[in-house]
Amino acid sequence: MTTAVAPSPTDHEHDAHHEHPAWLAHHFDDAEQQFDAGKLGMWIFLVTEVLFFSGMFCAYALYRNRNPEVFEFCSTFLNEKLGAINTGVLLFSSLTMAWAVRASQLKQTKTLIGMLGATLGCAAIFLGVKAVEYSHKWGLGLFPGKYYVSQVEGAPHSTVPYLWYLCIPALILLVAFVLYYVYAFVSASKFHLRVAGPLVVAASCFFGGVKLGQVLEAEESHGDSHASAGADAHGHEHSDHAGHDHAKEVSAPSVNLLGEAEVVTHDVAVSPAETNTPESNVNQKGMAGLFFSIYYCMTGVHAFHILGGMAVITWLIVKSARFEFHSKYYGPVDNVGLYWHLVDFIWIYLFPLLYLIT
Amino acid sequence: MSVVTNPVTMPATHPEAGKEDNYLTHSSGFLSWALTLDHKRIGMMYLVGVMSAFALGGVLALMIRLHLWTPNLEANQAWLLNKTYNQVFTLHGAVMVFLFIIPSIPAALGNFLLPIMLGTKDVAFPRLNLGSFYLWIAGAIFFLFSLFATGLDTGWTFYTPYSIESQGPVIAATLGVFILGFSSIFTGLNFIVTINTMRPPGMTWFRMPLFLWAVYSTSIIQVLATPVLGITMLLLAAEKLLGIGIFDSRLNGDPIAFQHFFWFYSHPAVYIMILPAMGIISELMSVHSHKGIFGYRMIAYSSVAIALFGFLVWGHHMFTSGMADVTTIVFSALTFTVSIPSAIKVFNWIGTMYQGTVSLNTPMVYALAFIFLFTIGGLTGLFLGALSTDMHLHATYFVIAHFHYVMMGGTLIAFLGGLFHWWPKMTGKMFNDFGGILSASIIFVGFNLTFLPQFVLGTRGMPRRYASYKPEFQLLHQLSTIGALMLGVGLLVALLVLLHSLFYGSKAPKNPWGGATLEWECSSPPPHDNFSSAPTVGDPYDFSKIEFDPKTGSYFKKK
Ligand code: HEM
Ligand SMILES: [Cu+2]
């Protein structure tokens with residue numbers, strides 16, 4: 001993996017086609033115009049992304065404004081440790097991405113591929129942690145909207161292996177990448193080795209993320225170090241079962257929920273079965289369920305953006321492995337970097353808005 | 001009249017006469033089109049696509065009108081079942097809005113013309129451009145699916161709560177809209193970047209043809225508004241699929257929120273429809289009056305103003321849906337302000353004709369029809385924007401007539417005018433001018449016959465989207481149906497004139513109308529790369545140096 005052996009595009013520039021080297025599209029006059037166009041295009045695309053998310057932020061603002069107590073109640077189901085870890089991971093990935101941009105400008109291909117691989121790995125860790133979070137919630141019946149299962153003390157934890165389901169695609173990818181690596185190794189193709197390496201590492205990172213998530217999730221369930229009272233109901237005394245754990249939350253915040261809940265929801269249609277206790281005002285499909293709808297929509301759409309980012313970073317790795325980038329042509333790395341920072345940035349909003357409500 | 005009647009005869013001694021290189025002959029074979037990155041070919045493919053969608057929407061429209069020939073008070077004697085009627089008008093609206101009118105001018109004419117008018121070789125991202133086209137195809141496939149799966153009956157607006165309950169293929173349709181939205185976003189993005197970064201030397205902002213200003217403003221709306229439609233459609237699909245409840249009042253969700261989201265896109269979207277049409281009219285008025293445009297800067301600025309103000313008035317679609325009084329008043333007031341830039345344009349077009357040398361040929365006749373019809377459409381919008389009158393007129397045929405005057409009388413007529421205007425450039429063939437004028441006249445009369453009675457129906461209380469009506473409305477409905485048939489005939493004549501020209505038309509000269517913008521400086525049809533060397537850019541509306549050369553049948557620019 002040395003840059004020395006690779007043909008340098010800047011060398012070609014001079015002999016073959018002086019005015020239009022291969023990396024300059026035929027309809028652009030010069031490298032600068034091409035770069036500017038790409039950059040402006042990416043910025044506009046980012047604007048559309050912000051507007052795309054804005055719809056969900058509006059929905060969030062609307063329903064939080066209407067039922068603040070629901071958001072406070074439900075936020076306790078979100079494990080802020082996992083959220084915080086993921087925030088850190090994404091922030092770090094923004095650093096590696098920025099470093100990758102620099103490396104591409106300096107034509108340090110080895111660093112470039114390394115940094116892109118690291119970014120990809122961080123993205124995979126993020127998704128791994130997210131998979132733990134999602135599967136844990138599904139196990140408790142914390143589904144969106146009409147599928148929400150009211151949290152009842154002592155209710156059995158679902159035995160559906162959701163985490164497994166979420167891991168299968170990653171597993172398939174990991175196997176495929178390992179095979180690809182073996183193929184690259186056997187055929188001794190330097191190019192394929194350069195591509196396959198980061199992919200294998202990134203796919204493994206997903207499972208690292210899963211492990212990390214499981215450890216933290218278990219810690220949360222076992223620890224009873226929660227000093228704060230009220231809405232923070234993660235603490236418990238005896239159970240080692242997550243289902244029991246969260247079921248307790250239902251009654252814990254009921255005292256302070258009582259007053260507000262009465263004011264806000266008295267005119268809302270509530271099915272009779274769900275009106276027995278005051279706290280169940282919140283703990284029902286049209287309340288907590290709606291919160292989880294918003295939670296899944298926002299984080300889910302965000303996760304799809306992570307996946308999209310991973311796809312384009314992989315494309316960059318392939319291009320880098322062909323030594324395509326240099327000081328006059330690094331636009332794609334730069335623009336994917338911008339996109340990646342935006343995805344990171346959106347998470348920075350999601351994290352406090354969803355996880356850190358009192 | 002400046003129409004060329006004598007075909008330009010190539011010297012017989014020239015062996016290459018028939019084989020000059022242009023974008024149509026540059027390469028051949030199915031793949032050379034399907035995988036082309038040439039903006040001109042992509043524009044032509046869009047043209048065929050949107051016109052097919054228009055034909056489909058048109059057939060559905062005729063079904064609606066034929067059904068309404070009788071009052072249908074007894075459902076079993078009616079031509080269509082009530083259920084079917086609902087599906088027909090839904091698909092008519094959805095196909096016309098999402099598949100036809102939104103992409104029509106920008107994606108077809110805009111794609112073809114924008115780089116040439118600007119003096120560049122292509123748009124900034126040719127691959128993305130082709131991608132937009134295939135997204136359009138994909139969205140169209142979803143739509144056709146909902147057509148054949150039958151049962152989409154929500155109206156083109158997909159209002160909740162009904163759309164949540166409807167058994168029809170709402171998910172397929174919303175995903176179709178979602179995909180079409182991205183097609184539209186990418187087209188807009190491409191155009192903004194092209195205009196911002198690729199103008200050749202000399203092409204300053206204020207030397208851009210007004211069509212480009214209009215397309216630029218349109219692109220701003222496409223980029224800013226469409227993502228909101230995207231997320232709205234996604235949430236609606238999730239609502240149906242996962243019961244997320246955000247728009248479902250049974251789960252404490254808010255169906256009115258859907259209306260807000262929807263109109264936050266769809267009101268700006270009506271300017272996606274009309275702005276490019278206004279751009280076309282600015283070109284046609286000036287070229288066919290052989291006189292510089294009156295108030296260039298005002299027209300340019302008003303396009304941008306419309307694009308920006310258009311974002312502030314969506315609430316006028318919801319005056320009766322339940323909003324705070326203050327909110328309705330503010331929305332009403334803003335609605336009035338947004339009509340000012342439109343009025344400025346109409347004023348300027350008329351100012352352009354004043355003391356000009358008007359050639360009454362096909363494009364110009366369409367342009368005149370546009371001014372007349374658009375003005376009626378815009379003025380009736382004010383009745384709807386006023387709170388007290390809208391209480392009565394909302395959801396009646398008055399609204400139907402209003403928006404058909406702006407969308408069909410405005411956008412479609414301008415589109416046809418533009419099509420005739422640039423047809424010689426796009427295909428290299430001249431069409432029969434008499435046939436063109438005939439089509440414009442039939443369409444004009446047919447159009448008014450169809451929709452004027454609907455204003456009257458609306459004021460008398462005929463609600464929209466009903467399969468039956470009181471017998472007293474029958475005369476007006478029948479007039480409308482006759483008009484619709486006439487409209488159909490007029491459109492067919494226009495189609496025949498254009499098709500006829502492809503086979504029998506004389507070869508088009510470089511500049512048949514005497515335009516001063518850059519597209520008239522390349523040959524007809526343009527070569528693959530548009531310009532061999534960067535063109536010299538001058539004032540796009542300076543006609544003082546444009547002269548007619550009877551030998552070639554073409555106008556040319558005096559040195
Ligand atoms: C000149 C400025 C305009 C004003 C003041 C205006 C005003 C209005 C108002 C207030 C409504 C709501 C009526 C109701 O539902 O009660 C409306 C409906 C509508 N307008 Fe306009 N309008 C204008 C121009 C346009 C243009 C240029 C277009 C499209 C090219 C357009 C397309 C529509 C459509 C499609 C609807 C009905 C949507 C539906 O309910 O299905 N309007 N207009
Ligand atoms: Cu509107």
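This is a predicted model: local features need pLDDT of at least 70, side-chain atom pairs count only at pLDDT 80 or more; totals for chains, interfaces and linings use all residues.
In chain B, helices α3 (82-118), α6 (170-197) and α7 (210-242) each supply at least two residues of the lining of the largest cavity.

**The largest cavity**

- The space inside the largest cavity comes to about 140 Å³.
- Its lining is made up of 16 residues, and those nearest the centre are Phe98(B), Ile102(B), Pro103(B), Leu180(B) and Ser184(B).
- Sorted by class, the lining of the largest cavity has 10 nonpolar and six polar residues, with no charged ones.

**The other cavities**

- In total, the structure holds four cavities of 30 Å³ or more.
- The second largest cavity has a volume of about 60 Å³, and 14 residues line it.
- Closest to the centre of the second largest cavity are Ala516(B), Thr517(B), Leu518(B), Gly538(B) and Pro540(B).
- Here the lining does include charged residues: there are four of them, alongside seven nonpolar and three polar residues.

**A salt bridge in chain B**

- Lys557(B) pairs with Glu521(B) in a salt bridge, with 3.0 Å between the closest N and O atoms.
- This pair links distant parts of the chain, as its partners are 36 residues apart: Lys557(B) belongs to strand β2 (residues 554-557), while Glu521(B) sits in the loop between α15 (474-504) and β1 (546-549).
- Both partners are partly exposed, Lys557(B) at 32% relative accessibility and Glu521(B) with a relative accessible area of 30%.

**A salt-bridge network in chain A**

- Salt bridges with shared partners join Lys319(A), Arg322(A) and Glu324(A) into one network.
- In the bridge between Lys319(A) and Glu324(A), the closest N and O atoms are 2.9 Å apart.
- Arg322(A) also forms a salt bridge with Glu324(A), and there the closest N and O atoms are 3.5 Å apart.
- Is Lys319(A) buried or exposed? Lys319(A) counts as buried, because its relative accessible area is 12% and the cut-off for buried is under 20%.
- Glu324(A) is partly exposed, with a relative accessible area of 22%, and Arg322(A) is partly exposed too, with a value of 47%.

Note on methods
Residues are numbered from 1 along each chain as its sequence is written. Chains are lettered from A and ligands numbered from 1 in the order in which they are written. Side-chain values use heavy atoms; hydrogens and water are left out. A salt bridge is a side-chain nitrogen of Lys or Arg within 4 Å of a carboxyl oxygen of Asp or Glu. Buried means under 20% relative accessible area, exposed over 50%, partly exposed in between (1.4 Å probe, protein chains only). Helices (H or I, at least four residues) and strands (E, at least two) are DSSP runs, numbered from the N terminus. On a 1 Å grid over the protein atoms alone, a cavity is a set of points where a 1.4 Å probe fits but cannot get out, and a pocket is an open set with protein on both sides within 12 Å along at least five of seven lines; lining residues have an atom within 4 Å of a point. Grid points are joined across faces, edges and corners, and a volume is the space filled by probe spheres set on the points. Ala, Val, Leu, Ile, Met, Phe, Trp, Tyr, Cys and Pro count as nonpolar, Asp, Glu, Lys and Arg as charged, and the others, Gly among them, as polar.
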